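Here are a few exercises to work through with the model open in your viewer. Try each one before you read the solution.

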Amino acid sequence: MSIAARLQSLGIALPPVGVPAAAYVPFVRTGDLVFVSGHIAKREGKPWVGQLGVTMDTAEGQAAARAIAIDLMGTLAAAAGGDLERVRRIVKVMSLVNSAPHFTEHHLVTNGASELLVQVFGPEIGAHARSAFGVAQIPLGACVEIELVAEVR
């Protein structure tokens, strides 16, 4: 099944590349690697504000991370010339989770993005190295921010 068909079967329409909120670009391609800048969680087009362990639980954090993965794929598609079939491998995902000091499920929150990437690209391309960190704050009060590195042809 093609990536476009998988996205369609999941009811996912990729968004256009977002306009950066500061002095950076949405992605940088060097050789076969694409470095996608961090994307914050959004709900209904606005920052998905919250802090895990205070105003949000793990399940809501997973939903936010999944939403970010959709935005990341939209940017990755642009970086790959509009064709996600050109993605050879999702190499690395780094996730920052706005969380209380006692919150310890950052890895489970990040699974919301990781699991969707594997669903869309399949395990051979979508499985990736990963880091998940708890942080005191994320820009605009967002609950999660995720960046990724991918190899493209």
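**Exercise 1.** Which backbone nitrogen does a side-chain oxygen of Asp57 reach at the start of α2?

Solution. This is a predicted model, so treat the distances as computed ones. Go to the start of α2 and look at Asp57: a side-chain oxygen there comes to within 3.3 Å of the backbone nitrogen of Ala59. Now follow the helix along. α2 runs over 22 residues and spans 31 Å from first C-alpha to last, close to the 32 Å expected at 1.5 Å a residue. Just past α2, Gly81 has a positive phi of about 70°.

**Exercise 2.** Find which element gives the most residues to the largest nonpolar core, and list what Leu84 touches.

Solution. Start with the core itself: it has 38 residues, and Met73, Leu76, Leu84 and Phe121 touch the most other members. Elements giving two or more residues include α1, β2 and α3. The top contributor is α2, with 10 residues. Then pick Leu84 and skip neighbours within four places in sequence; that leaves contacts with Ile3, Leu7, Leu14, Met73, Leu76, Ala77 and Phe121.

**Exercise 3.** How many salt bridges does the whole structure hold, and which parts does the Arg43 and Glu60 pair tie together?

Solution. The search turns up two. In one, Arg43 meets Glu60 at 3.3 Å, N to O. Arg43 sits in strand β3 and Glu60 in helix α2, so this pair ties together parts 17 residues apart in sequence. In the other, Arg88 pairs with Glu151, with closest N and O atoms 3.6 Å apart. That pair links β5 to β7, 63 residues apart.

Note on methods:
Residues are numbered from 1 along each chain as its sequence is written. This is a predicted model: local features need pLDDT of at least 70, side-chain atom pairs count only at pLDDT 80 or more; totals for chains, interfaces and linings use all residues. Side-chain values use heavy atoms; hydrogens and water are left out. A nonpolar core is a set of buried Ala, Val, Leu, Ile, Met, Phe, Trp, Tyr and Cys residues joined through side-chain atoms within 4.5 Å. Buried means under 20% relative accessible area, exposed over 50%, partly exposed in between (1.4 Å probe, protein chains only). Helices (H or I, at least four residues) and strands (E, at least two) are DSSP runs, numbered from the N terminus. Contact means heavy atoms within 4.5 Å. The expected span of a helix is 1.5 Å times one less than its number of residues. A polar contact is a pair of N or O atoms within 3.5 Å; within protein, one must be able to donate a hydrogen and the other to accept it, and residues adjacent in sequence count only if both atoms are side-chain atoms. A salt bridge is a side-chain nitrogen of Lys or Arg within 4 Å of a carboxyl oxygen of Asp or Glu.
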